[in-house]
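Here are my notes on the model you sent. Please read them beside the sequence and the structure.

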Amino acid sequence: MRLSSFLAVFRPALPLILGLSLGCSLSLLMVSWTQGDTEDGCSDELLNGGLLQGSHVGEHQGANGEDGNEDFQPRIVPYHKDPSKPHKKVLRTRYIHTELGIRERLLVGILSSRTTLNTMGVAVNRTVAHRFHRTFFFTGLRSTKLPHGMMVVAHGDDRPVWLMYETIRHLHQHHGNEYDWFYLAQDDTYTQAERVMDLVGHLSAGQDLYMGRAEEFIGGEERARYCHGGYGYLLSRSLLARLQPHLDSCRNDILSVRPDEWLGRCIIDYLGLSCLEKHQEMTYRYFELQKNADPEREDSSLFKNAFTVHPVSEPTLMYRLHKRYSQIELDWTYAQIQQLQVQISNLSELTPEGKTGTTWPIGVNPPFQPKTRFEVINWEYFTEDHIYSCADSSPKCELRGADRADVNSILETAVERLNERYQPQLRFRKQRLLNGYRRFDPTRGMEYMLDLALEAFTQKGHSQVIAKRVGLLRPLSAIEIIPMPYVTEATRVQVILPVTARDQDFVGNFLDTYVVNALDTRDNALLTFLFVYDPFDAQRVSQTDVFAGVKAMIGEVEKRFSEVKIPWISVKTEVPSQVKLMDIISKKHPVDTLFFLASVWTEVNADFLNRCRMNAISNWQVFFPIHFQEYSPALVYRDQQPSAASSFSSEALRDGRFDRHVFEEACFYNADYMAARTKMAADILDNDEMLESMDVYEIFVRYSGLHVFRAVEPALVQKYVHRVCNPRFSEDIYHRCVLSNLEGLASRSHLAMALFEQEQANSQPALTALTRAYFNHASPSSTLPTFTHAFNTIQPGLLKDKLEQAGVGHHLTHWILDYLTNHPQYVRTRDCVSDMVVCNTGAPQGTVLAPFLFTLYTADFMYLVVEGGDLLLIGSGEQEVAHLGFERILHFNIYIIAGCFFLIIRVHTTSINTMQHL
C-alpha cells in the first residue's frame, strides 16, 4: 500500500526522470566512442606534425604524474637572413595582366609578297588593320621601299609553303604567350574586323580550334578538310603550341603547292583536327566575290553577313568593299538606335513623369541646367556668311574653314530631314537662312536652332514660301581611349627657373616651397637657375651683382642640404625670349632629360611633379598645364583678409580662375625640344626677331608633330601677381599678358560688389581710380567707378551737336531729339502709381539706341595714363590716338573690364607718368 502511494506521488515526474537518465547515459556512451584512447595518438600526431618539435611525451605530465592542463603556446620562428646565400631580388612585371596571365584576344597576320605589299597590303592596312589590336604583314623578300606605318616581317624566301612555315613558327615564338587567337589571311581578302572580333569574343580560348571555310583536299578522298586561305582562318593558342614541335616534320614530309593546304595537312596528320565552319553555335561566314562584281549592288544576306570576302583583285575594289560594308554597319546602327528610341518612348509611359519626361532626342542626355546665371551657356548667332561670336572678341567675322563647313552641313541635314518627314505630300527647297543659333552643351553636344525660309512644293506642283524653325543636335560621339606609351613616376625632373631682375623678389617664396615639397621629401627633382641679365646690369656685374641676394639664398639652401647642389647659368640678353633661354639650357643637358619650365610664382609640389612625369611622354606628348591663379586679395576680401586656415580648406580654389592666357609652365623632354628646334631652323635662318615673337608652346604646335596636351592643373596654384608685360615681345604674347592681368583682378561678382560699395561711398572719380588700381594694385574698394545712372546724364542739346559732327542727317537728328525729349515717366508698385513726370534728359535704359547714343555722347572724353611702356587711353578711338603726338606707337588693343572700354597703346616712351585730361 505504501509503495503504490509512493509511486502515485512520483508518477507525474517519472517521464522527466527517465529522460534525464537516458540522456546522461547516451552522453557518456558517445564520449567514449569519439575520444577512445587519445594519449598516445594525440602525442604521436603532434610529434609527427612538428608542432612540438624537440619535445617528448613525458614533458606533458606534471611533476606529480598528472597531465598538464595549460593551453598550448605557439612558438614564433623569426626570419634570419643567411649571409652566405645571395639575395634574390623580386622582379615584378611591368603590366598587371602579364602577372595574372591575361592575354589579348586576337593577333592578325596578313600573308603578302614583295609585288603586292605596296598595293594590296597597303589597301588592307588602310581599311581594316587599325581596327585590330595588332596586325603583321608577312612577306618573303623585303621590298626596297616599305610602306609607312605597317609592321612588316620578311622571312627571306618567297616560296609559299616556306612563308607559311616561317609565319607559324614566328607567331608561336614571339607572340604565343601574348594572344589567345591568331587570324591568318591573304592580302586579297577583305575582312570585317568587328565581326571577326565578335566571333573570337564568343569562343572559348582554352581549346584546340581550326576554323574557317572548309575545303576538300585535291582528290577529295578524305573526309577531313583544310581551311581555305583566301577566306582567312582562326588558330587557337593551344593548337599553335601543340603544332610547334611538328613543324619541322611537316616541312620535310608533306609536299604541297598551296600553303593553306600544307598547313591543313600538317594539323590533320599530327593533331587529328579538321577545319570547322561551325563551332559552339558560332558560324564562320564568308562570301565569294564573282568576277566584275559591283559591291554597291550586292544586297544578298550572304554578302551582308559575311566575315570575309574573296577574291579582291585590286586595291580600288578593296576600298569600295570597305565603303559598302561601312554603310551597311551605319544603316544597322541607325536602325538599332531607332528601335531603342521606340522602346524608351514606350517605357516612358510607365514613369511618374510620363512621356513628358523624355528628352529630345530620345536617349540623349537632357540639356545642361545652370545653377547660377554665370553658368548659362551662351548661344552664338550666325548667318550663312557671318558669325557674331569670334575668337578674337570681334563682334562680327566671316564664316570660314570648319565653321562654314559646319553651317553648310547642318543646313543640308535640316532640309533633308524635313523632306524625309513630309514626303511625298510636301517637298522643301531651301531659299535662305533667316536666323541661326548654336551652342555647345558639354553634356549633349552642339545644339542648333535654325529659322529657314523654305519653298514648299505640293504633289500638284503648287509652291509657296514659308518660314519654319527647326532644332538639331550634333551629339557627342563615344569616348575613344587612345593607347599611350608606358611611363613611370620615377623619372627625374629637371626644374628650370628663369629669373630676371624684376622677378628676384619672388624667388624667396619659390625656394621655400621647393625646399618643403621637394628637398625635405627627397623627391627625384633637380633645380637649375637661369639668371637673365640685361646689357646694363651685365656690365656692372663685377661691381654690383643684381642677383647677389638670390645667390646668397641658394648658398643657404646648399649649406642646409649638403648633398644638394643648385647650379645657375647667367645669360645676357635684351629680350628674355623663352626660345633663346631654352636653346642655352638644352645644350647643357642630355637628350633624355625631362624639363619642367617654371616661373618664380610657381609653387612646386609632389602631386604636380608626378603629373608632369605622367603627362610628358618622350616622342609622343608634351604637357602645358593651366595653373590656377588667385584673384587680387584687395578686390576679393577688401577689408576682411582671409584666415590662414582658409588656404587649406576644400574651397581653396574658389577665389580665382585657371589662367588660360599664360604658357610659362611646361613639361617636355629635351629630345623632343631639340627635334622641333631642328625643324624650325630652316624657317628662322638666324632671324632673332622670329625667336622673340615665339614661345616654346608655339614651337611644339608648329614644328614638333607631337600631341600638345593643354589641361587645367589644380595642383599648380599661384598667388595673385601683376605681371609686367614686355613690349618687345610679339603682339600675341603681349596681348595674352595684358588679358591675364585684366581678367585676374577679380570675378564679376566681386567687381559688382566693389562697384556697389563705390556707389555707396561716393568717392573720387571712377576712371582715375580704376586705372590706378590696374597699374598700381590700389585697393579698389573705394576707387572703382560707377556707371549705374550714366545714360541719364545725356543732354539732348549737346548730343545734337555731336550727332551733326558725326555726319548724322538733319531729319534723323531731329527724330532722335524728339525721341529723347518730352517723354513721360512714372513708377508703379502693385496698385500704387506715382505722378507722371516729363523728362528731357537721358536715354531710356534697355533700348538698343541708348548705348550708341551714350558712346557718341562721350566720344570726345578721354583720359590718358602712361605706365612703363603701356599707354592707357579711356573713352577714345583711333581719331584721338592720331592727335597724341607719339611717333613710335606700336599698336593698340581694346579691352573691357567692369563695363569700361580700355584702349592700351604700346609706345616706346615713359616720359608721361601722370594722368591728364586732353
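Predicted model: local features only at pLDDT ≥ 70, side-chain atom pairs only at ≥ 80, totals over all residues.

1. Residues are numbered from 1 along each chain as its sequence is written, and side-chain values use heavy atoms, with hydrogens and water left out.

2. The protein has 29 helices and 36 strands; these are DSSP runs, numbered from the N terminus (helices: H or I, at least four residues; strands: E, at least two). Of its 918 residues, 39% count as buried, where buried means under 20% relative accessible area with a 1.4 Å probe, protein chains only.

3. The largest nonpolar core has 40 residues, and L106, L234 and L321 have the most contacts inside it. Such a core is a set of buried Ala, Val, Leu, Ile, Met, Phe, Trp, Tyr and Cys residues joined through side-chain atoms within 4.5 Å. Elements giving two or more residues to this core include β1 (104-111) and α12 (315-347). A second, separate core of 39 residues includes V564, W601, L609 and C667.

4. Where is R657? R657 is in strand β25 (residues 656-658), and R657 is buried, with a relative accessible area of 12%.

5. The side chain of R657 makes a polar contact with the side chain of D659 (3.0 Å). A polar contact is a pair of N or O atoms within 3.5 Å; within protein, one must be able to donate a hydrogen and the other to accept it, and residues adjacent in sequence count only if both atoms are side-chain atoms. A polar atom of the R657 side chain also lies 3.4 Å from the backbone oxygen of S740.

Notes:
Buried < 20%, exposed > 50% of the residue type's maximum accessible area, 1.4 Å probe, protein only.
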